[in-house]
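Please keep the sequence and the structure in view while reading.

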Amino acid sequence: MTERRKLIAGNWKMNGLKADGLALASDLAGRLKGAGAVPFDLLVCPPFPLLFPVGEAIADSALALGGQDCAAKTSGAHTGDVAPTMLTDAGCRYVILGHSERRADHGEGDALIAAKAAAAHKAGLIAIVCVGETEAQRDAGQADAVVSGQLAGSIPEGATAANTVIAYEPVWAIGTGKTATAGDVKAMHAHIRAELDGKIAEPAKTQILYGGSVKPGNAAELMAVENVDGALVGGAALKADDFWAIATSCR
C-alpha cells in the first residue's frame, strides 16, 4: 500500500480582515512549531488581499500558503484576475481550482479549470483540483459519472502526483452541516483513485482530500477512510482550535 502524507487545507473563502488572518495564521504556525514531527502538512488559503501579510508572517514556519483561485493567463488586460506567478510571489505553494462555488457562482467549466491548472503548474504551484456532485445528481445515481467527467475535463496534460491534488467535495455537503457517510466517502475516493489512472502520473501517490462539513467531531472517522489523504476544510478552518483538532485527528 502506497504511503501518502495527509494534507489538511483550510479554505478561508471570503472571510477575515488583516488582523484576523494574521492572528489565525500565526496561531497555527506556532502550534506546528511546538508540535514537532507531525503526520500531516498544514495549509491555509486566505483571500487574495491577505496573501502577502500572511505569507510574510508564516515565512519561517512549516505552515504552507495557498490561493483560492488563479487565472489561466500570466499577465495582461484581465481586470480582477490574479496570475499564478502573483501567487508564487506572495509565497504560495498551492492553489485551489474548480471549487464548486467557482463552478456555480462564476460559471467555470472543466476546460477553464484545466487551463488554470496548467498555468499553475507552469508557475510551480500545486493545483488542488476540486470535483463533486450536487444532491440532485447523487439522488439520480449520477455521482460517479459526474465526478468522472469533471476529472477527465479538469486535469491538464502533464499532471503528476507532485503537482496535483484532488479534492472531492460533494456539493450538498459544503456548508450545509450534512456530511457524506464514511461508506459514501470510501466508495467515491476508490472511484476517483481508479479514474486517475492515465490522467495523472503516479496515480497511486496522488493525494485525494475530502471536503464538506469536516469538523473536529467527524474528522477522525473521515481521515481513517481508505484513500482519504486529508481534508479541504471550510468553516472550521476559521477557528484555530477546530482546524488544529481536525489536523491532529490524522494518525
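A residue is termed buried under 20% relative accessible area, exposed over 50% and partly exposed in between, with a 1.4 Å probe and protein chains only. By that definition, buried residues make up 52% of the 251 residues in the protein chain. The model is predicted: local features need pLDDT of at least 70, side-chain atom pairs count only at pLDDT 80 or more, and totals for chains, interfaces and linings use all residues. Residues are numbered from 1 along each chain as its sequence is written, and side-chain values use heavy atoms, without hydrogens and water.

**Overall fold**
- The protein chain has ten helices and eight strands, taken as DSSP runs (helices H or I, at least four residues; strands E, at least two) numbered from the N terminus.
- The C-alpha trace spans about 45 × 45 × 35 Å along its principal axes.

**Helices α7 and α8**
- Helix α7 (residues 143-154) packs against helix α8 (residues 182-195) at an angle of about 35°, and their axes are 10 Å apart; axes are lines fitted to C-alpha atoms over the stretch in contact, and angles run from 0 to 180 degrees between N-to-C directions.
- In α7, Ala 143, Asp 144, Val 147, Ser 148 and Leu 151 meet Met 188, His 191, Ile 192 and Glu 195 of α8, where contact means heavy atoms within 4.5 Å.

**Cysteines**
- The whole structure contains zero disulfides, a disulfide being a pair of cysteine sulfur atoms within 2.5 Å.
- Cys 250 is in no disulfide, and the nearest cysteine sulfur, that of Cys 45, is 16 Å away.
- Cys 70 is buried, with a relative accessible area of 2%, and its sulfur is too far for a bond because the closest cysteine sulfur, in Cys 92, is 9.9 Å away.
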